[in-house]
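Keep the structure open beside the text.

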Amino acid sequence: PPRSRGGPRPAAARGAEPSGAVSLRLELASSNPGRGAMNFRFLVPSSGDARLAIYDAQGRRVATVVDQALTAGWQSASWNGRDARGREVASGTYFAKLESGGQARLRKVLVAR
């Protein structure tokens, strides 16, 4: 039987909303706190440049996970828990910041070694 229009939509259909109704989204797709790699899912509402970076509690950029042009829709990326020089970061609080299309989203992530 056909589904009613008022019911929940599958994840893949969420990106099909009219232009302007979709906003940038950032989700942590792995456990928090994390001990190893952290996986992110994010929605880019329109094609263009996007950056996902990790910052420490003092606001210093620790690592850049994504910095490239992306197509609109759901994307995924992983941060390996290392800084820009390849060293494991210390246990503590970090922030994942996603920027695209003039919007920004922030997600708190905890690293536990």
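Start with Asp56, which is found in strand β3 (residues 48-56). Strands here are DSSP runs of E with at least two residues, and helices are runs of H or I with at least four; both are numbered from the N terminus. Asp56 counts as buried because its relative accessibility is 11%. Buried means under 20% relative accessible area, exposed means over 50%, and partly exposed lies in between, with a 1.4 Å probe and protein chains only.

What does the side chain of Asp56 make a polar contact with? The partner is the side chain of Arg60, at 2.8 Å. A polar atom of the Asp56 side chain also lies 3.0 Å from the backbone nitrogen of Gln58. A polar contact is a pair of N or O atoms within 3.5 Å; within protein, one must be able to donate a hydrogen and the other to accept it, and residues adjacent in sequence count only if both atoms are side-chain atoms. Beyond its neighbours within four places in sequence, Asp56 is in contact with Val62, Thr93, Tyr94 and Phe95. Contact means heavy atoms within 4.5 Å.

## Basis of the model

The model is predicted: local features need pLDDT of at least 70, side-chain atom pairs count only at pLDDT 80 or more, and totals for chains, interfaces and linings use all residues. Residues are numbered from 1 along each chain as its sequence is written, and side-chain values use heavy atoms, with hydrogens and water left out.

## The chain as a whole

The chain has zero helices and seven strands. From the N terminus on, its elements run β-β-β-β-β-β-β. Of its 113 residues, 29% count as buried. Take the contacts between residues at least 6 apart in sequence: 50% of them join residues at least 24 apart.

The accessible surface comes to about 6,900 Å². Carbon and sulfur atoms account for 47% of that surface. The areas come from the Shrake-Rupley method with a 1.4 Å probe; for residues, only the protein chains shown count as cover.

## The four-stranded sheet

Four strands form an open antiparallel sheet in the order β4-β3-β6-β7. β4 (61-70) and β7 (103-111) stand at the edges; each has a single partner strand, so one side of each lacks a neighbour in the sheet. The twist averages 15° from one strand to the next. Axes for such angles are lines fitted to C-alpha atoms, for helices over the stretch in contact, and angles run from 0 to 180 degrees between N-to-C directions.

Strand β6 (residues 92-100) pairs with β7 in the antiparallel sense over nine bridges. Two strands pair if DSSP finds at least two bridges between them. Ala96 stands opposite Arg107 in β7.

## The three-stranded sheet

Three strands form an open antiparallel sheet in the order β1-β2-β5. β1 (25-28) and β5 (73-79) are the edge strands; each has a single partner strand, so one side of each is left without a neighbour in the sheet. Here the twist averages 20° from one strand to the next.

β1 and β2 pair in the antiparallel sense over four bridges. Leu26 has Phe42 in β2 as its bridge partner. Strand β2 (residues 38-44) and β5 pair in the antiparallel sense over seven bridges. In β5, Gly73 is the bridge partner of Val44, and Ser76 is the bridge partner of Arg41. β2 is mostly covered, with five of its seven residues buried.

## The nonpolar core

The largest nonpolar core has 21 residues. Such a core is a set of buried Ala, Val, Leu, Ile, Met, Phe, Trp, Tyr and Cys residues joined through side-chain atoms within 4.5 Å. Leu26, Phe40, Phe42, Leu52, Ile54, Trp79 and Tyr94 have the most contacts inside the core. β2, β3, β4, β5, β6 and β7 each give two or more residues to this core.

Look at Phe42. Not counting residues up to four places away in sequence, Phe42 touches Arg25, Leu26, Leu52, Val66, Leu70, Gly73, Trp74, Gln75, Ser76, Ala77 and Leu98.

Asp83 lies in the loop between β5 and β6. Asp83 counts as buried because its relative accessibility is 18%. Its side chain reaches the backbone nitrogen of Arg85 at 2.9 Å. Leaving aside neighbours within four places in sequence, Asp83 is in contact with Val62, Ala63 and Val89.

Val22 is found in the segment before β1. Val22 is buried, with a relative accessible area of 15%. Val22 and Gly73 are 51 residues apart in sequence and 9.9 Å apart in space, C-alpha to C-alpha.
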